Amino acid sequence: MIGWVAMLVLGAGVYGQRLLGMAALDTERVPVRWRAVVERVPLAIIAAVVALQTATAAGSLEVDARLAGVAAAGGCAWQRRPLIVVVGVAAAVTATLRAIG
C-alpha cells in the first residue's frame, strides 16, 4: 500500500518534472492542446493516488466514511469554495458518518 509520504514524494516529483519540462522546452513550439494536457497530468496523478488511498484498505475495496468525505470535499471544490471550507466539510462528513455507524 502506498503511504501518504510516498504520495507527497510522487506529487513533488510530478511537479518537478513539469517544471523541468517547461524550463527545457520552448513552450511556443508545443501545441496549445498538448500544453493543456500537460497542465492537468499532475492533478490527475495526485487525484488517482488519493482515490486509491481513500477507497482501499489491505489491498481490497472498502467503501466507508472516508469516501463520503472525499466526495463532499470534491463537491465543495467543484463549487470553488475556499480550502478551509472544503477541508472542514470533508472532516465533518467523515466524522458524522463514523459517529453514526
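Threonine 54 is buried, at a relative accessible area of 7%; buried means under 20%, exposed over 50% and partly exposed in between, with a 1.4 Å probe and protein chains only. The residue belongs to helix H2, and its side chain comes to 2.7 Å from the backbone oxygen of valine 50. Other buried residues of H2 include Pro42, Val49, Gln53 and Ala55.

The model is predicted, so local features need pLDDT of at least 70 and side-chain atom pairs pLDDT 80 or more, while totals for chains, interfaces and linings use all residues. Residues are numbered from 1 along each chain as its sequence is written, and side-chain values use heavy atoms, without hydrogens or water.

Helices are DSSP runs of H or I with at least four residues, numbered from the N terminus. At 1.5 Å a residue, the 24 residues of H2 should span 34 Å, and the 35 Å between its end C-alpha atoms agrees with this. H2 has a kink of about 30° at arginine 40, shortly before proline 42; the angle is taken between axes fitted to the seven residues ending there and the seven starting there.

The largest pocket holds about 420 Å³ of space. Among its 16 lining residues, Val50, Val70, Ala73, Gly74 and Ala77 are closest to the centre. Lining residues have an atom within 4 Å of a pocket point on a 1 Å grid.

| Helix | Residues |
|---|---|
| H1 | 4–24 |
| H2 | 32–55 |
| H3 | 65–78 |
| H4 | 83–100 |

The lining has 14 nonpolar, 2 polar and no charged residues.

How values were computed
Helix = DSSP H or I, 4+ residues; strand = E, 2+ residues; numbered from the N terminus. Expected span 1.5 Å × (residues − 1). 1 Å grid on protein atoms, 1.4 Å probe; cavity = no way out; pocket = protein on both sides within 12 Å on 5 of 7 lines; lining within 4 Å. Points joined across faces, edges and corners; volume = space filled by probe spheres on them. Nonpolar A, V, L, I, M, F, W, Y, C, P; charged D, E, K, R; others polar. Polar contact = N/O pair within 3.5 Å; in protein donor to acceptor, adjacent residues only side chain to side chain.
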